[in-house]
Amino acid sequence: MILTSLIDNTRLKNRTDLAVERGLSIHASTMGKSILFDAGSSEAFCDNATLLNIDINNVDAAVISHRHHDHCNGITHFLDRNSKAQVYFRECEETNYVFKTFGFKTNVGIDKQLLVKGVNRLTFVNQMVEISPNIFIITDISNKFAKPKGNKYLFTESDDCCMPDSFDHELLLVVKENDGLIVFTGCAHSGVLNMIDTAVNYFPNIKIKAVVGGFHLVGLPLFKSIGGTKKQIEEIGEAILDFPVDKLYTGHCTGIKAYKILKGVLGDRLEYFATGHSITI
């Protein structure tokens, strides 16, 4: 598999031509298929794809990890540039997604016009489905481990009712290659450990070549704080060591501070996956 980061909060130092935004989009080339995982919040990932020699028009399928704007709103531009790929979302009730803290509230959800525009191109899944040979979407995510502390600022809101987000709109993408699995996490609001645990449960005795995506270990993004304590982040890293995971490529909502703490535990097994970064695994 060839993985390329099309959009992230940061970029490679030598690629100042590439746009950045607070969002995530990753391209995967595997087993003759071109897969888009998440689409950022704007057209920037499409423009970056051109600069990175990736043909958006040739993408076979797009998978959206969850319904926050920084992962899905760019799909409206994808639909303009690609005429064939189905776009996969997890099926869930329609609601509004908001970030709230200290009396401040802002919408962080999907642009609902996207759902209207893409009505003939969107597929909603509510169970494990194989969208292409050995490419799986999983919706039943483990809850064995605690969810990220940073989730406490995220809510769903409808009919004057505001509740903590349960993340019933989040999914997991798993690609099974001959020599192991690649697990795509999006933001891992369900918890990166739960997502790894899910992959292990569905595909026992198969090593995980790579875990790719954000881990949502940031607290308040504006202050670049960590979600939880240093010890709790270290414990997550130590728990990852108990799983058959070769490498982890992360960025976006993991946060720089939490990344450095995890790096202290995981060492060379962990790598920051900035915009423009391309790897073969």
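**Buried residues, helix faces and positive phi**

Student: Where is Arg121 placed?
Tutor: Arg121 sits in the loop between helix H4 (112–117) and strand E8 (122–125); helices (H or I, at least four residues) and strands (E, at least two) are DSSP runs, numbered from the N terminus. This is a predicted model, in which local features need pLDDT of at least 70, side-chain atom pairs count only at pLDDT 80 or more, and totals for chains, interfaces and linings use all residues. Residues are numbered from 1 along each chain as its sequence is written, and side-chain values use heavy atoms, with hydrogens and water left out.

Student: What makes Asn82 count as buried?
Tutor: Buried means under 20% relative accessible area, exposed over 50%, and partly exposed in between (1.4 Å probe, protein chains only). Asn82 has 1% relative accessibility, so Asn82 is buried. Asn82 lies in the loop between helix H3 (75–81) and strand E5 (86–90), and one of the residues that Asn82 touches is Arg121; contact means heavy atoms within 4.5 Å.

Student: How do you know that Arg121 has no salt bridge?
Tutor: A salt bridge is a side-chain nitrogen of Lys or Arg within 4 Å of a carboxyl oxygen of Asp or Glu. The nearest side chain of opposite charge to the buried Arg121 is Asp80, 7.9 Å away; Lys and Arg count as positive and Asp and Glu as negative, while His and the chain ends are not counted.

Student: Why are the buried residues of H7 said to be on the same side?
Tutor: The buried residues of helix H7 (residues 256–266) are Ala258, Tyr259, Ile261, Leu262 and Leu266. They cover an arc of only 165° around the axis, and therefore lie on the same side of H7; the arc is that of the directions from the helix axis to the C-beta atoms. On the other side of H7, Lys260 and Gly264 are exposed.

Student: What covers the buried residues of H7?
Tutor: The cover includes helix H6 (230–240), strand E16 (245–250) and strand E17 (270–272).

Student: Why is Phe102 called exposed?
Tutor: Phe102 has a relative accessible area of 74%, so Phe102 is exposed. Phe102 is found in the loop between strand E6 (96–101) and strand E7 (104–107).

Student: What is the phi of Phe102?
Tutor: Phi of Phe102 is near 50°, a positive value in a residue other than glycine. Most residues other than glycine have a negative phi.

Student: What makes Asn205 exposed?
Tutor: The relative accessible area of Asn205 is 85%, and therefore Asn205 is exposed. Phi of Asn205 is near 65°, again a positive value in a residue other than glycine.

Conventions
Lists of a residue's contacts leave out its neighbours within four places in sequence.
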